[in-house]
Amino acid sequence: MSTLFLQSEIKNPYSLYHKMLEESPMYWDESHKIWAVYSYKYCTEILNHKKAYIPAVSENSFNEYALKISRNLARLSNGVQHEIAKESAFIVFSYMKNIGIDSILSELFHNNNNTEINWVELVCKKLPVLTVLKSLGFTDDDSFFISKNIEPLIKIMQPNKKSEDIEAINAISEKMYVIIEKHISSISFYENAITAISTKYGISYQETKSVFVSNLIGLFIQSYDAGRGLLSNALLQCFSKENSFKKTDKTQIQKLVVETLRFDPPIHNTRRIAAEDIQLNNSTIKQNETILVVLAAANRDDRQFENPTIFDTERTNNQEHLTFGIGGHMCLAKYFSINLATEALHYLFCNFKNISILDHEIEYESLINARLPKAIWISIYN
């Protein structure tokens, strides 16, 4: 049995996850030479294991700027390198200003004159990145350029890249890097933060600057990718026949967003490499073997979540999902993403009284690690 498949080619991956949870919560896929772990217990052990490393990104044919970005991202590094990247990303987060998400949404909808919209194109691909850009004071011109051109860069995170993917990454990476480096250098906290980290870890000022710029680009990538998926999947849950709630109640919306992250997350799996032999479930994962950590399966493990196949916003431990990871590599954008999706859905249902989904047969992008709807067409009327 193959553990790797494109989300575009399978209608319900959760059926497979359920089978594996029952029969083989830890499975060696001989055809792809990869371990797949499905249970909450095993996924947690691997995510917390100090010798389960983030795989190196394939950098063949990357230009100078693409190399800088890929080598400095917090999500893609290990050891002290990861600590430096994570601290830099945390500083960037801490200085983001609170921006009215409603005002960004108002502008997006104001520029649209149709009563039928593609939620993915109009909101999901734009709102997360624009929110980050505006919270850090980027100009309108720079915000437009970055939000329009971030899509090719998301493939920098993928383990296997086609030649055309590398060409697209190289084509945009230099201009993106230069714009962001220029802007971040003008922010008040920048000089002190660079100096502090440079001194603390004994790396050069220039290297530290590169880490800061790269991790801001990483934040844009995560916002575009996972943020888009959460906004899409949460909207679909709003219209599920099984889910009935007051759609203008922000508290209930936030509960729905958190349960969506468990029940139907945008990111389904992540990978690790065994830096040395790892013992798990009476099996030995040998040094240098790859591990597929199936987060979406762990989120439906009945040994962790009661009645996991039921969408239940009132389940007391929904927040224990693994969608954002756990431990040292947990995604720093967790609370940002939840708040963004909550505010976006609250805006939608407060400003449009008659909303319906036009196409219930959702197609997904051709990705292995993420389940992202290509389009969600809805009608909106006041």
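## Around Asn 233

In this predicted model, Asn 233 touches Thr 260, Asp 264, Pro 265, Pro 266, Arg 371 and Pro 373, leaving aside residues up to four places away in sequence. Is Asn 233 buried or exposed? Its relative accessibility is 0%, so Asn 233 counts as buried.

## The protein as a whole

Let us step back for a moment to the overall fold. The secondary structure comes to 14 helices and 10 strands. Along the principal axes, the C-alpha atoms fill a box of roughly 55 × 55 × 40 Å. A compact globule of 382 residues would have a radius of gyration near 21 Å, and the protein agrees with that because its own value is 21 Å.

Buried residues account for 56% of the 382 residues. Among contacts with a separation of 6 or more, 72% are between residues 24 or more positions apart.

Which order do the strands take in the open sheet of 5 strands? They run 1-2-8-5-3, and the pairing is mixed. Strand 1 (26-29) and strand 3 (52-53) are the edge strands, each pairing on one side only.

Inside this sheet, strand 2 (residues 34-37) and strand 8 (residues 290-294) run parallel and are joined by 4 bridges. Here Ile 34 stands opposite Thr 290 of strand 8. Helix 2 (residues 40-48) lies across strand 1, strand 2, strand 3, strand 5 (269-274) and strand 8. The helix runs at about 125° to strand 8.

A second sheet to look at is an open one of 3 strands, in the order 4-10-9 and with antiparallel pairing. Strand 4 (116-118) and strand 9 (354-357) stand at its edges with a single partner strand each, so one side of each has no neighbour in the sheet. From one strand to the next, the twist averages 25°.

How many bridges pair strand 9 with strand 10? There are 4, in the antiparallel sense, with strand 10 covering residues 377-381. Asn 354 stands opposite Tyr 381 in strand 10, while the bridge partner of Ser 356 is Ser 379. Strand 4 also pairs with strand 10 in the antiparallel sense, over 3 bridges. On that side, Glu 116 stands opposite Ser 379. As a reminder, strands of a sheet pair through backbone hydrogen bonds, either parallel or antiparallel.

## Aromatic pairs

The structure holds 10 aromatic pairs. One of them joins Trp 28 and Trp 35, whose ring centres are 5.3 Å apart and whose planes meet at 55°, so the pair is tilted. How does accessibility compare for these two residues? Trp 28 counts as partly exposed because its relative accessibility is 26%. Trp 35, with a relative accessible area of 11%, is buried.

Another pair brings together Tyr 190 and Phe 212, with ring centres 6.3 Å apart. Their planes stand at 75°, so this pair is edge-to-face. Elsewhere, ring pairs link Phe 109, Tyr 347 and Phe 352 into a cluster.

## Arg 300 and its rings

Which rings does Arg 300 sit over? Tyr 14 is one of them: Arg 300 lies over its face, at 3.7 Å from the ring centre. Phe 263 is another, with the charged end of Arg 300 placed over the ring, 3.9 Å from its centre.

Conventions: Residues numbered from 1 in each chain as written. Predicted model: local features only at pLDDT ≥ 70, side-chain atom pairs only at ≥ 80, totals over all residues. Heavy atoms only, no water. Phe/Tyr/Trp six-rings, centres within 6.5 Å; stacked < 30°, edge-to-face > 60°. Buried < 20%, exposed > 50% of the residue type's maximum accessible area, 1.4 Å probe, protein only. Lys NZ or Arg CZ within 6 Å of the ring centre and 35° of its normal. Pairing = 2+ DSSP bridges. Helix = DSSP H or I, 4+ residues; strand = E, 2+ residues; numbered from the N terminus. Axes fitted to C-alpha atoms, helices over the stretch in contact; angles between N-to-C directions. Rg over C-alpha atoms; globule rule 2.2 N^0.38 Å. Contact = heavy atoms within 4.5 Å.
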